[in-house]
Amino acid sequence: MRVLLLGANGYLGRFVADRLLADPAVQLTALGRGDDADVRFDLASGSPGALTRFLDAVHPGVVVNCAGATRGGARDLTRHNTVAVATVCEALRRSGCGARLVQLGCAAEYGPSQPGSSTGEDAIPRPGGPYGVSKLAATELVLGAGLDAVVLRVFSPAGPGTPAGSPLGRLAEAMRRAMQAGDGELKLAGLGVQRDFVDVRDVARAVHAASLSAAQGVVNIGSGRAVKLRDAAAVLARVAGYGGALHELDGGPGGRPSIGHPRTESDTAPAAYPYPDGCGSWQQADVRTARDRLGWRPRINLEESLADIWMEAACRI
């Protein structure tokens, strides 16, 4: 099976590449902007025609799109998350390869959820920020393109390679600094937020399964269990061997920004959202569709994911 992987150098793309390369039946070609890509191509600025010619030459059976941006202004997010996907869809429509498209979406497309609920694929999306809007627009392009396509809506990925600027990455870095300085207490904000964390290696398994399946439409990829960031911090402290006290600060107006947000010029500036995805205080995936249509279940628990995050943070100088 010939697979064309877009965004192989990204956080999720690296693990997807490893998973696909481990399958002896897969012949993998990576397309991206980096020098180490098999083929250099910028989806946000390249033409559909150029990509069509490449598809016709390589003739993949599956195209996996892990490319995109998680940070930046609305213009950049639209270019890399929406315009780029429009290019992919148009190229696939023009090409004679007939490839199946596996698009990585995200839970930010749903926006805030009712606390205690599990979000199914039939939920009406109400993204709370430009990132979620740009990813939802991409999903709608894929679903409306008339292709053999599936969109995996990935909830909160965790595990090795977690970006240092993400909420769990910032949490690990704050703990590392506290231990290095010998601080007996760690003060953090925004720990009441609850998210559905799923390990990146389980996400890669889901992409592999989706590539081989006939499933179409949207499929949620998560653990099916919401976890408070406060509880994740406690697990991380146990894994790290941090014996200090964890104190939660008020992250509301006039308080410090939540741990999920970059520091601004003023530490007293309120955060735009209690968590940087614009999804409010709660998200939990209904993962029955992934089980029924992909034969997929998460295997790696959050403690193992956090242990890997801590190992990388502890090695940072």
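Colleague: How do you know where the axes of helix α2 and helix α3 lie relative to each other, and at what angle do they cross?

Modeller: This is a predicted model, in which local features need pLDDT of at least 70, side-chain atom pairs count only at pLDDT 80 or more, and totals for chains, interfaces and linings use all residues. Residues are numbered from 1 along each chain as its sequence is written, and side-chain values use heavy atoms, with hydrogens and water left out. The axes of α2 (residues 48-58) and α3 (residues 74-94) come within 8 Å and cross at roughly 50 degrees. Helices are DSSP runs (H or I, at least four residues), numbered from the N terminus. Axes are lines fitted to C-alpha atoms over the stretch in contact, and angles run from 0 to 180 degrees between N-to-C directions.

Colleague: Why is α2 called oblique to α3?

Modeller: Angles under 35 degrees count as roughly parallel, over 145 as roughly antiparallel, 65 to 115 as roughly perpendicular and the rest as oblique. The crossing is at roughly 50 degrees, and that makes α2 oblique to α3.

Colleague: Which residues of α2 make the contact with α3?

Modeller: Pro 48, Gly 49, Leu 51, Thr 52 and Leu 55 of α2 make the contact (heavy atoms within 4.5 Å).

Colleague: What makes α7 and α9 oblique to each other?

Modeller: The axes of α7 (residues 229-240) and α9 (residues 302-314) come within 9 Å and cross at roughly 60 degrees; α7 and α9 are therefore oblique to each other.

Terms used:
Helix = DSSP H or I, 4+ residues; strand = E, 2+ residues; numbered from the N terminus.
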